[in-house]
Amino acid sequence: MPSTPPTATAPATLPSASATTPPARRRRRTWPLVTASALLAALGGYTLWTHEHPVRLTASVEIKADPEQVWGVLTDFSAYPQWNPFMTSAEITSDDGRLRPGATMRNQLRQPSGTSTFDPEVLVARPGRELRWLGKLGPGWLVDGEHRFVIERAGPGTVRLTQSESFSGVLVPIAESKLRAETLPQFRAMNEALKKRVENTRH
């Protein structure tokens with residue numbers, strides 16, 4: 001009789017890693033990823049919210065002068081150490097040394113809590129009308145400060161200088177009370193000192 005061929009047997013299938021991993025261990029592995037994703041989403045939402053809801057500080061003063069005279073004192077940075085109680089030093093650090101959009105600066109601020117230095121970029125420089133720059137702390141999402149000086153005619157022989165800053169970033173809500181308690185009074189002090197210097201220079 002002819003011999004019967006051997007019956008083929010299917011190779012044994014090894015269980016998958018997921019089948020052998022206990023459910024509790026799988027949950028422990030995925031939990032850090034879920035937590036990190038949730039934290040990143042929350043941080044992103046908070047960062048967006050702080051930029052959409054900036055903290056604004058504003059202080060104005062009226063000066064008996066022409067807009068050009070106020071602009072001349074405001075942009076004479078080399079004289080700041082002589083009269084400015086807030087911005088004790090300011091200089092243009094761009095190679096061409098011109099005050100223009102895109103120029104970079106180095107400014108030193110004095111406040112009750114201490115002195116700080118930052119390097120803003122000029123956004124607007126319209127002689128006799130507006131000077132504006134943007135400064136950043138860290139990578140830009142921690143604290144952004146857009147500082148602005150606006151000069152407007154307020155009457156015959158009188159102009160109104162408005163100094164303001166819009167702060168945004170994740171650290172701003174934490175520092176808001178300090179900004180209002182320390183920085184805003186320094187805005188007013190600088191405005192009054194500038195007013196005095198301009199009006200005394202006219203005589």
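This is a predicted model: local features need pLDDT of at least 70, side-chain atom pairs count only at pLDDT 80 or more; totals for chains, interfaces and linings use all residues.

Student: Let's do strand 8. Why is it called largely enclosed?

Tutor: Because 9 of the 11 residues of strand 8 (residues 158–168) are buried, the rest of the structure largely encloses it.

Student: Which way does strand 1 pair with it, parallel or antiparallel?

Tutor: Strand 1 (residues 55–63) pairs with strand 8 in the antiparallel sense, over 9 bridges. Two strands count as paired if DSSP finds at least two bridges between them. Threonine 58, for instance, has serine 164 in strand 8 as its bridge partner.

Student: What about strand 7?

Tutor: Strand 7 (residues 143–155) is antiparallel to strand 8 too, joined by 11 bridges. Isoleucine 151 sits opposite leucine 161 in strand 8. Strands 7 and 8 make a hairpin with 2 residues between them, and glycine 157 in that turn has a positive phi of about 70 degrees.

Student: Switching to strand 3. Which residues are on its covered face?

Tutor: Met105, Asn107, Leu109 and Gln111 are on the covered face, while Arg106, Gln108 and Arg110 are on the uncovered one. In a regular strand the side chains alternate between the two faces of the sheet.

Student: What does strand 3 pair with?

Tutor: Strand 2 (87–92) is joined to strand 3 by 5 bridges, running antiparallel, and serine 89 stands opposite glutamine 108. Strand 4 is also antiparallel to strand 3, with 5 bridges, and arginine 110 faces threonine 115 there. A hairpin of 2 residues links strand 3 to strand 4.

Student: How about the loop between strands 2 and 3, is serine 94 in there buried or exposed?

Tutor: Serine 94 is buried, at 14% relative accessible area. Leaving aside neighbours within four places in sequence, serine 94 is in contact (heavy atoms within 4.5 Å) with Arg100, Gly102, Ala103 and Thr104.

Student: Now the largest pocket. What volume does it have?

Tutor: About 600 Å³. A pocket here is found on a 1 Å grid over the protein atoms alone, as an open set of points where a 1.4 Å probe fits, with protein on both sides within 12 Å along at least five of seven lines; lining residues have an atom within 4 Å of a point. Grid points are joined across faces, edges and corners, and the volume is the space filled by probe spheres set on the points.

Student: Which residues lie nearest its centre?

Tutor: Of the 25 lining residues, Gln111, Ser116, Val143, Phe167 and Leu179 are nearest the centre of the largest pocket. Strand 3, strand 4 (114–118), strand 6 (130–137), strand 7, strand 8 and helix 5 (172–202) each give two or more residues to the lining. Helix 5 gives the most, with 7 residues.

Student: Last one: where's lysine 136, and what does it touch?

Tutor: Lysine 136 is in strand 6 and counts as partly exposed, at 47% relative accessibility. Beyond neighbours within four places in sequence, lysine 136 is in contact with Val143 and Asp144. The C-alpha atoms of lysine 136 and aspartate 119 are 7.8 Å apart, with 17 residues separating the two along the chain.

Definitions and conventions: Residues are numbered from 1 along each chain as its sequence is written. Side-chain values use heavy atoms; hydrogens and water are left out. Buried means under 20% relative accessible area, exposed over 50%, partly exposed in between (1.4 Å probe, protein chains only). Helices (H or I, at least four residues) and strands (E, at least two) are DSSP runs, numbered from the N terminus.
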